Amino acid sequence: MKKLLILTSALCAAACILPAGGRVVNAEETEINCKSAYLCDFSSGTVVYAKNETEELPIASMCKIMTLLLSFEAVDAGNLSYDEMITVSERAAGMGGSQVFLQENLQYRADELMKTVAVCSANDSCVALAERIAGSESAFVDAMNARAKALGADHTLFANCTGLPKEPQYSCAKDVALMLREMVSHKKYFEFSKVWLEDFAHPDGRTTTITNTNKLIRFYEGCDGGKTGFTNQAGFCLAATAKRGDTRLVSVVIGADSSKNRFESTKFMFNDAFNRYETAKIFEAGASIDTQAQVTGSAKTAISVQAETDLNVFCPKGDAKNLMTEIRIHENLRAPIEMGTVIGEAIVYREGVEVSRCNLIAGENADKYGWWDAFKKGAQLWN
């Protein structure tokens, strides 16, 4: 492969890498009042804070993160649509705990049910979605456990789709963060999660006012998503995400002794991380980079190159030294090449250690050399 090394002072001043595994803060250094906690960068997964992060604990309604994730993925797969009408079963309508008071045999839009799960943790909506997607809640729980395994959530076992007490079921702060990172990658989620107060209309003319259980949505700058949870067994729990500038963080608190402490612990972790870290943007998705790819078999001898995705580096503020971006363009590129075809990769290093990478794509088409190109070339040579 052809390799082009780019090292500029501007980039060196903008990005860096955390020490191996990130700087994990000791519990005694902080004001984190809970059994388990975890905070990481959304994009890279770099750990900023960890406390008993793999301890298997009940997580209450935070398990609905997986319920929502499977609902979004059912839409992605074409097995569900947001505007589909879902008929509520007797079992779903009879769920206890937090609910939106669905009526048996009435039909509700799938996206409206998903909204009530995200905003007010509606157990009845969870079961209605589970039964529609998998045929039964038990089959849906099997899918939840399979998806957790595929994500690498090795300390997680689901027993239902709501988080209501049932043994055995458990997760850990690290696994919940992993699931939340996956779930918030669906942009549709933020249409639901930012709702603070809204009237939910039932087909029979009733309305139920839904209020966001995640108070940080309104009272913490940058917080735009998350999921609360509470049972006597689990204590007060909160998984949340917040974004400032180019930095998005994901946090998890399990087993706080009060609702106030779960929010205060989350705010402490967010404040600490936003104060000490930043995200350096090396390349922006779709933006052309300062190099070209050589092509054979086309009237074009070179084509522009773009980053397929954002190329970012999450790093401590002011700790930006010896950054190098390596541009690798595939050898022997031959027409035809369509715009968007992967033709290389960009890799960011700090002191010889890889910290991030992304694919590079063709920024334009390179059509195969044809007879008309040959004719024009011949005419040029003749003249």
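Modeller: Happy to, and let me say at the start that this is a predicted model.

Biologist: What makes Arg-328 buried?

Modeller: The relative accessible area of Arg-328 is 18%. The limit for buried is under 20%, so Arg-328 falls on the buried side.

Biologist: How do you know that Glu-345 forms a salt bridge with Arg-328?

Modeller: The closest N and O atoms of Glu-345 and Arg-328 are 3.6 Å apart, and a salt bridge needs a side-chain nitrogen of Lys or Arg within 4 Å of a carboxyl oxygen of Asp or Glu. The pair therefore meets the criterion. In general, side chains of opposite charge can pair when their charged atoms come close.

Biologist: Which parts of the chain does that pair link?

Modeller: Distant ones: Glu-345 is in strand β16 (residues 342-350) and Arg-328 in strand β15 (residues 323-329), 17 residues apart. Salt bridges that share partners also join Glu-326, Arg-328, Glu-345, Glu-354 and Arg-357 into one network. Within it, Glu-326 forms a salt bridge with Arg-328, with the closest N and O atoms 3.0 Å apart, and both of these residues are buried.

Biologist: How many salt bridges does a search of the whole structure find?

Modeller: The search finds 20 salt bridges. Another one pairs Glu-112 with Lys-115, where the closest N and O atoms are 3.5 Å apart. Both residues lie in helix α4 (residues 110-120), 3 residues apart, about one turn of the helix.

Biologist: Now the helices. Why are α2 and α5 called oblique to each other?

Modeller: Helix α2 (residues 64-76) and helix α5 (residues 123-134) pack at an angle of about 40 degrees, with their axes 11 Å apart. Roughly parallel would require an angle under 35 degrees, and roughly perpendicular runs from 65 to 115, so α2 and α5 are oblique. Their crossing is left-handed.

Biologist: Which residues meet there?

Modeller: From α2 come Lys-64, Thr-67, Leu-70, Ser-71 and Ala-74, and from α5 come Asn-123, Cys-126, Leu-129 and Ile-133. By class, that contact has 5 nonpolar, 3 polar and 1 charged residues.

Biologist: And what makes α5 and α6 roughly perpendicular?

Modeller: α5 and helix α6 (residues 137-151) pack at about 85 degrees, with their axes 8 Å apart. That angle sits in the 65 to 115 range, so the pair is roughly perpendicular. Val-127, Ala-130, Glu-131, Ile-133 and Ala-134 in α5 meet Glu-137, Ala-139 and Phe-140 in α6. The classes in this contact are 6 nonpolar, no polar and 2 charged residues.

Technical notes
Residues numbered from 1 in each chain as written. Predicted model: local features only at pLDDT ≥ 70, side-chain atom pairs only at ≥ 80, totals over all residues. Heavy atoms only, no water. Axes fitted to C-alpha atoms, helices over the stretch in contact; angles between N-to-C directions. Helix = DSSP H or I, 4+ residues; strand = E, 2+ residues; numbered from the N terminus. Parallel < 35°, antiparallel > 145°, perpendicular 65-115°, else oblique. Left-handed = near helix turned anticlockwise from the far one by under 90°. Contact = heavy atoms within 4.5 Å. Nonpolar A, V, L, I, M, F, W, Y, C, P; charged D, E, K, R; others polar. Buried < 20%, exposed > 50% of the residue type's maximum accessible area, 1.4 Å probe, protein only.
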